[in-house]
Amino acid sequence: AGDSQLTLGDKIATGASLLGGLNLFLFWFNVVPLPPMDGGHIAGAIYEAGKWGLFKLARKPDPGPADTAMMLPVAWTIGALML
């Protein structure tokens, strides 16, 4: 049987790999389109831009800001699917 001691370089590489994996997971989790996370803010901004663009194409007045609180059922559905 060989010596199974990890070198300092192996330990650093393993730690960096774990830290990178955790960082990537947190990024993707934060992008989930739920209102309290950044993905929810991004989804709201995309909806606003799309709505504004459609009203502009139809030459209608600006409809004003959307109520993103109305997206709460969507957030509950996505949260339930994640569980």
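Accessible areas here come from the Shrake-Rupley method with a 1.4 Å probe, and for residues only the protein chains shown count as cover. On that basis, the accessible surface of the protein comes to about 7000 Å², with 71% of it belonging to carbon and sulfur atoms. The model is a predicted one, so local features need pLDDT of at least 70 and side-chain atom pairs count only at pLDDT 80 or more, while totals for chains, interfaces and linings use all residues. Residues are numbered from 1 along each chain as its sequence is written, and side-chain values use heavy atoms, leaving out hydrogens and water.

As for the fold, the protein has three helices and zero strands, running α-α-α from the N terminus on; helices (H or I, at least four residues) and strands (E, at least two) are DSSP runs, numbered from the N terminus. The radius of gyration is 22 Å, well over the 12 Å that the globule rule gives for 83 residues, so the protein is more spread out than a compact globule. That radius is taken over C-alpha atoms, and the globule rule is 2.2 Å times the number of residues to the power 0.38. Along the principal axes, the C-alpha atoms fill a box of roughly 75 × 25 × 15 Å.

Helix α1 (residues 8–30) gives the largest share of the patch, five residues. Leu19, found in helix α1, counts as exposed because its relative accessibility is 60%.

Two aromatic pairs turn up, where ring centres of Phe, Tyr and Trp (its six-membered ring) lie within 6.5 Å, and planes under 30 degrees apart are stacked, over 60 edge-to-face and the rest tilted. Phe25 and Phe29 are stacked, at 5.9 Å centre to centre and 20° between the planes. Both lie in helix α1, four residues apart, about one turn of the helix. Phe27 and Trp28 are edge-to-face because their planes stand at 70°, with ring centres 4.9 Å apart.

Technical notes: Buried < 20%, exposed > 50% of the residue type's maximum accessible area, 1.4 Å probe, protein only.
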